[in-house]
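Please read this note with the structure open beside you.

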Amino acid sequence: EGIKKELYAVEDTCKKDIEAVCDYIFKNPELGEKEFLSSKYLIDLLKKNGFTVEENYCGLPTAFRAEYGDNNGPSIAFLAEYDALPGYGPDKVPGHACGHNWIAAGTYGAALVLSKFKNNFKGKVILIGTPAEETLGGKVNMVEQNAFDDIDVVLQMHLEANNNLSCKTLAIDCIKFQFTGKAAHAAAHPDEGINALDAVQLMYSGINCLRQHITSDSRIHGIITSGGDAPNTVPDFAECKFHIRSNDRAYLNTLTQKVINCAKGAELMTGAVLKYEKYENSFDNLLNLPSLQDLMRKNLIEVGVSNFLDEKHGASGSSDIGNVSQVCPTMYTELALNIDELCFVHDEAYLKYVNSEEAYDKLEEILMKLESKNTSLDESLSLYEEGIKLFKHCNKLLEDAELKISKFNKMGIEEDFNVGE
C-alpha cells in the first residue's frame, strides 16, 4: 500500500505533462502510417526523460520502442496508438473519434511514472509506439518480426461506452476483389461485352446466400469501389473490398475461402477474369488470460472503477492487439468515461469527449491501476511466471505443428493467396 501511495504521488507531479500528450495528439490528427508529428512528439518526450529509444521500429517509419530499466526482472510493455480516423466534421477531416490520443497519453504516462519509480522494482518498462491500428495494423508486422518474444506481459487500455475486462476482438481478413471484363456499347453491341460489374453483383448475391450458413459471431461486409464509368458502356472493370470476421482464426480461414469461392463462381458465370489480394494485414482474435483479468479487476476496484460488463456481452470489432495476444500474455481493457451521453468510439459525438476533463480524469484512474498492476506483477511474478513460460512454449509447439501440417495441406488459404488469382 505504501508503494502504491508513492506511485500516485509521482503520477500527480506528471499529470499536466501527460494531459499535454492527450491534447497535442488530439489537435494534430494523422492517419495511419502518416503519424509523423505524433510519433516524434512521443519520442522526444521519452528521450528527454531518459528512455532509450529505437526509431523506425520493425521497419515502420512511425513506430518506436522505448525502454527504461534492466534485465533483472519482468519486461512489461505498454502499447501506444496514435492514428486518427478519416471523415469527420463538415470538411470530412481526420479526427480522434477512437480516442487514440488518450491511449497514447495513458500508456506514455504509465511508462513515465514507473521509470521515475524504477529504483523500487526490478525489470524493464517498455513503451512501444504501434502505428496504423485502424488500417494496416502495425502490431502484426511487429509480431511477424518477433518483437514481443522478450516481453513478459503487454498492457493496453481503450475508451468505450462500458467498462469491460473480457473484451472480444474478432479475427479479420481484408480482401480486394477485381474483375476484368470486356467493354462494348451497351445498346448497339451488348453481346460483345463481358460485364465486370455483373460479376461483383453476383459475388454479392452469393455472399448474401452464404450468410445464412455461418456462425452467429461471424460478419461479412463490403463496398463496391469501382463499377464502370458510363451507363452506355459495358463495364470492363469492377472492384469491391470485403472485411470477413469471426471469433476464431481457424474458422475464419474456412469462411474466407468460401467468400473467395463466391468470387470464383461469379468469374465462371460472367467470364470476367478475377484477381484478389489482401490489402491490409489480417488480425487474429484476442486471447484473454484469467490471471491478468483478475489482477486488473482488483486494481480497478481499488481506484473506484466497477460496473464491468458480463463476459457474454460487449460489441466486437477487430484489432491488431489480437495478434499480440497470440504470442505474448496480454491484458486489454475497455473503460467508460463518466458522461451522461451514450455514445461509442468512432461516433462523431465521441470527439467532444476524448480530450475533455472527463478524459483527463479517466487518465488519472487508468494510470493508477496500470502502475499498481505493474508493481503487483513484479511482486507476484514468481506465482505465474511459469505460466507465462508455458504460454509461450505452447505457442511454439502450435507453430511447429502448423508448419508440419502445412507441408501436407495443398488447399489452404495462404497457398491460394500466393497464386493471387
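1. Is D150 buried, partly exposed or exposed? D150 is partly exposed, its relative accessible area being 42%, where buried means under 20% relative accessible area, exposed means over 50% and partly exposed lies in between, computed with a 1.4 Å probe and protein chains only.

2. A word on the basis of these values: this is a predicted model, in which local features need pLDDT of at least 70 and side-chain atom pairs count only at pLDDT 80 or more, while totals for chains, interfaces and linings use all residues. Residues are numbered from 1 along each chain as its sequence is written, and side-chain values use heavy atoms, with hydrogens and water left out.

3. The chain holds 10 helices and 12 strands; helices (H or I, at least four residues) and strands (E, at least two) are DSSP runs, numbered from the N terminus. Of its 421 residues, 51% are buried. The chain exposes about 19,200 Å², and carbon and sulfur atoms supply 51% of that area, as computed by the Shrake-Rupley method with a 1.4 Å probe, where for residues only the protein chains shown count as cover. Among contacts (heavy atoms within 4.5 Å) with a separation of 6 or more, 80% are between residues 24 or more positions apart.

4. The whole structure contains 18 salt bridges, a salt bridge being a side-chain nitrogen of Lys or Arg within 4 Å of a carboxyl oxygen of Asp or Glu. One of them joins D150 and R65, with N to O at 2.8 Å. This pair links distant parts of the chain, since D150 sits in the loop between α4 (138-144) and β7 (153-160) and R65 in strand β2 (residues 64-69), 85 residues apart. R65 is buried, with a relative accessible area of 6%, whereas D150 is partly exposed. Both residues belong to a network of salt bridges that links R65, E67, K124 and D150.

5. Two further salt bridges lie within helices. K27 and D23 meet at 3.2 Å, N to O, and because they are 4 residues apart in helix α1 (residues 2-27), about one helical turn separates them. K27 counts as exposed because its relative accessibility is 56%, while D23, at 23%, counts as partly exposed. In helix α7 (residues 290-302), E302 and K298 are likewise 4 residues apart, about one turn of the helix, and their closest N and O atoms are 3.2 Å apart. E302 is partly exposed at 38% relative accessibility, and K298 is partly exposed at 46%.

6. Turning to the strands, 4 of them form an open sheet in the order β9-β10-β8-β11, with antiparallel pairing; two strands pair if DSSP finds at least two bridges between them. The edge strands, β9 (219-226) and β11 (273-278), each pair on one side only. Neighbouring strands of this sheet are turned by 20° against each other on average, direction ignored, where axes are lines fitted to C-alpha atoms, for helices over the stretch in contact, and angles run from 0 to 180 degrees between N-to-C directions. Helix α5 (residues 196-210) packs on the sheet, touching β8 (171-180), β9 and β10, and its direction makes about 20° with that of β10. Helix α6 (residues 249-270) lies across β8, β9, β10 and β11 and runs at about 10° to β8. Within the sheet, β9 and strand β10 (residues 237-246) run antiparallel and are joined by 7 bridges, with R219 standing opposite R245 in β10.

7. A hairpin also deserves a look. Strand β4 (residues 85-88) and strand β5 (residues 93-95) run antiparallel and are joined by 2 bridges, and Y88 stands opposite V93 in β5. This hairpin has 4 residues between the strands, and G89 takes a positive phi near 80° there.

8. Which residues touch the most other members of the largest nonpolar core? They are F64, F78 and W102, in a core of 62 residues; a nonpolar core is a set of buried Ala, Val, Leu, Ile, Met, Phe, Trp, Tyr and Cys residues joined through side-chain atoms within 4.5 Å. Helix α3 (residues 100-115) gives the most to this core, with 10 residues. Not counting residues up to four places away in sequence, W102 touches ones including C22, M157, L335 and I366.
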